[in-house]
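Please open the structure in a viewer and keep the sequence at hand.

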Amino acid sequence: EFANGDTDSQLRLEWASSNSDAVTFQFVLPSDFDTDSDMLVWVRGESAGTTNITSVFTAETFFNEGDTKVSDTTGAIVAAVSNVSATVAAADIPSDAKTCSIELTFGAHTTDAIYVYAIWVTYTKL
């Protein structure tokens with residue numbers, strides 16, 4: 001959806017109150033990806049109110065095919081736009097990693113909607 005179709009055309013994902021549906025995406029790891037370093041999964045978002053500001057995203061990460069799921073959590077989403085991240089430890093990244101799939105699920109938030117404006121990954125180059 002748009003943040004506000006009349007005045008703010010920023011795209012955002014909305015998790016309505018009590019909705020904890022997962023979103024997922026997959027990408028090819030760049031050729032300069034250092035598998036011996038941590039990777040960060042970033043979420044830029046906000047809560048529509050202050051009731052559920054302790055809720056976090058769980059980032060479940062899979063590398064290549066048939067990998068073991070790795071679960072990490074972000075910092076809390078607060079009632080102002082902020083960036084939070086989850087750290088995927090280098091020990092959880094296979095040395096032959098070529099692809100990465102990430103599933104994001106938001107925790108319990110029975111009162112406030114959650115808005116996400118961007119999701120990205122940062123990594124260390126070789």
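**First selection: Ile119**

At 28% relative accessibility, Ile119 counts as partly exposed, because that class lies between buried (under 20% relative accessible area) and exposed (over 50%), with a 1.4 Å probe and protein chains only. Ile119 belongs to strand E10; strands here are DSSP runs of E with at least two residues, helices are runs of H or I with at least four, and both are numbered from the N terminus. Display the residues around Ile119: leaving out those up to four places away in sequence, it touches Leu13, Phe25, Trp42 and Leu104, where contact means heavy atoms within 4.5 Å. Then select Val81, which is 38 residues from Ile119 along the chain, with 13 Å between the two C-alpha atoms.

The model is predicted: local features need pLDDT of at least 70 and side-chain atom pairs count only at pLDDT 80 or more, while totals for chains, interfaces and linings use all residues. Residues are numbered from 1 along each chain as its sequence is written, and side-chain values use heavy atoms, with hydrogens and water left out.

**The whole chain**

Now zoom out and colour by secondary structure. The protein chain contains 10 strands and 0 helices, and its pattern along the sequence reads β-β-β-β-β-β-β-β-β-β. Along the principal axes, the C-alpha atoms fill a box of roughly 45 × 30 × 20 Å.

How many of the contacts between residues at least 6 apart in sequence join residues at least 24 apart? The share is 79%.

Switch to a surface view. The accessible surface comes to about 6,600 Å², and carbon and sulfur atoms account for 49% of it; the areas come from the Shrake-Rupley method with a 1.4 Å probe, and for residues only the protein chains shown count as cover. Of the 126 residues, 37% are buried.

Next, colour the charged side chains. There are 5 positive and 18 negative ones, and the centres of the two sets lie 5 Å apart. Lys and Arg count as positive and Asp and Glu as negative, without His and the chain ends; each charge is placed at NZ of Lys, CZ of Arg, CG of Asp or CD of Glu.

**The nonpolar core**

Select Met39, Phe57, Phe63, Ile93, Ile102 and Leu104: these have the most contacts inside the largest nonpolar core, a group of 21 residues. Such a core is a set of buried Ala, Val, Leu, Ile, Met, Phe, Trp, Tyr and Cys residues joined through side-chain atoms within 4.5 Å. Strands E5 (39-47), E6 (57-63), E8 (82-88), E9 (99-106) and E10 (114-122) each give two or more residues to this core. Which element gives the most? Strand E9 does, with 4 residues. In soluble globular proteins, nonpolar side chains tend to be buried together.

Centre the view on Met39. Beyond its neighbours within four places in sequence, Met39 is in contact with Phe33, Thr61, Phe63, Ala86, Thr87, Val88, Ile93, Cys100, Ile102, Val121 and Thr122.

**Loops**

Go to Thr74, in the loop between strand E7 (70-73) and E8. Is Thr74 buried or exposed? Thr74 is buried, with a relative accessible area of 5%. Not counting residues up to four places away in sequence, Thr74 touches Val43, Val56, Phe57, Val84, Ser85 and Ala86.

Asp36 lies in the loop between strand E4 (23-28) and E5 and counts as exposed at 66% relative accessibility. Thr54, in the loop between E5 and E6, is also exposed, with a relative accessible area of 70%.

Move to Ala16, in the loop between strand E3 (13-15) and E4.

Finish with two backbone details. Ser18, found in the loop between E3 and E4, has a positive phi of about 75 degrees although it is not a glycine. Asn64, in the loop between E6 and E7, has a positive phi near 55 degrees. Most residues other than glycine have a negative phi.
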